[in-house]
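The following exercises are to be worked from the sequence and the coordinates. Each task is followed by a stepwise solution.

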Amino acid sequence: MSYRGGLLPTRIKADLAPLIAAAEAVDGLAGLVGVDFVQRHDPPESVILEINPRATTSIVGILALCRPGALAELWALQPPDDLDAWLAAGESIRREIRERGPVYFEPSGRVLRLAELAGGGR
């Protein structure tokens with residue numbers, strides 16, 4: 001098995017609740033956390049591989065699809081101080097990712113828009 005990068009936004013409809021619960025169960029985590037998982041399609045299931053106390057490679061794809069400072073604003077809100085504002089900011093970032101995507105990110109961190117790949121820009 002090897003890591004080959006990723007695609008954002010994903011079309012996988014992962015149930016995030018178990019992933020969030022697993023990260024919340026690790027004492028001392030704060031800020032950006034990477035939860036690496038494999039998504040099975042039939043039956044639909046997320047299998048957690050590891051939880052990292054830092055951002056992981058997918059952050060390069062997320063940053064390529066967000067306006068500058070969006071993640072910093074989300075991080076600065078630090079729930080549960082204002083959970084409603086934090087959830088609204090998170091939804092805004094998800095919307096930006098859906099609107100600006102799709103991108104493919106390689107294990108090296110190189111990010112390519114799918115339009116570049118289709119046009120041979122790789």
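**Exercise 1.** Determine which helices the buried residues of α3 pack against, and which residues of α3 are buried.

*Solution.* Step 1: the buried residues of α3 pack against α2 (58-65) and α4 (83-100), where contact means heavy atoms within 4.5 Å. Helices (H or I, at least four residues) and strands (E, at least two) are DSSP runs, numbered from the N terminus. Step 2: within α3, residues 70-77, the buried positions are Ala70, Leu71 and Leu74. Buried denotes under 20% relative accessible area, exposed over 50%, and partly exposed in between (1.4 Å probe, protein chains only). Step 3: viewed down the axis of α3, the buried residues fall within an arc of 95°, so they line one face of the helix; the arc is that of the directions from the helix axis to the C-beta atoms.

The model is predicted: local features need pLDDT of at least 70, side-chain atom pairs count only at pLDDT 80 or more, and totals for chains, interfaces and linings use all residues. Residues are numbered from 1 along each chain as its sequence is written, and side-chain values use heavy atoms, with hydrogens and water left out.

**Exercise 2.** State the order of helices and strands along the protein chain and the share of its residues that is buried.

*Solution.* Step 1: the protein chain holds five helices and five strands. Step 2: their order along the sequence is β-α-β-β-α-α-α-β-β-α. Step 3: of the 122 residues, 20% are buried. Step 4: among contacts with a separation of 6 or more, 50% join residues 24 or more positions apart.

**Exercise 3.** Characterise the surroundings of Gly5, including its contacts beyond four places in sequence.

*Solution.* Step 1: Gly5 lies in the segment before β1 and is partly exposed, at a relative accessible area of 23%. Step 2: neighbours within four places in sequence aside, Gly5 is in contact with Tyr104, Phe105, Glu106 and Pro107. Step 3: Gly5 and Gly61, 56 residues apart in sequence, are 9.7 Å apart in space, C-alpha to C-alpha.

**Exercise 4.** Where in the protein chain is confidence lowest, and where is it highest?

*Solution.* Step 1: pLDDT, the predictor's confidence in each residue from 0 to 100, averages 82 over the protein chain, and 89% of the residues score at least 70. Step 2: confidence is lowest in helix α5 (residues 114-118), at a mean of 70, and highest in strand β4 (residues 103-105), at 91. Step 3: where pLDDT is low, the predicted coordinates should not be read in detail.
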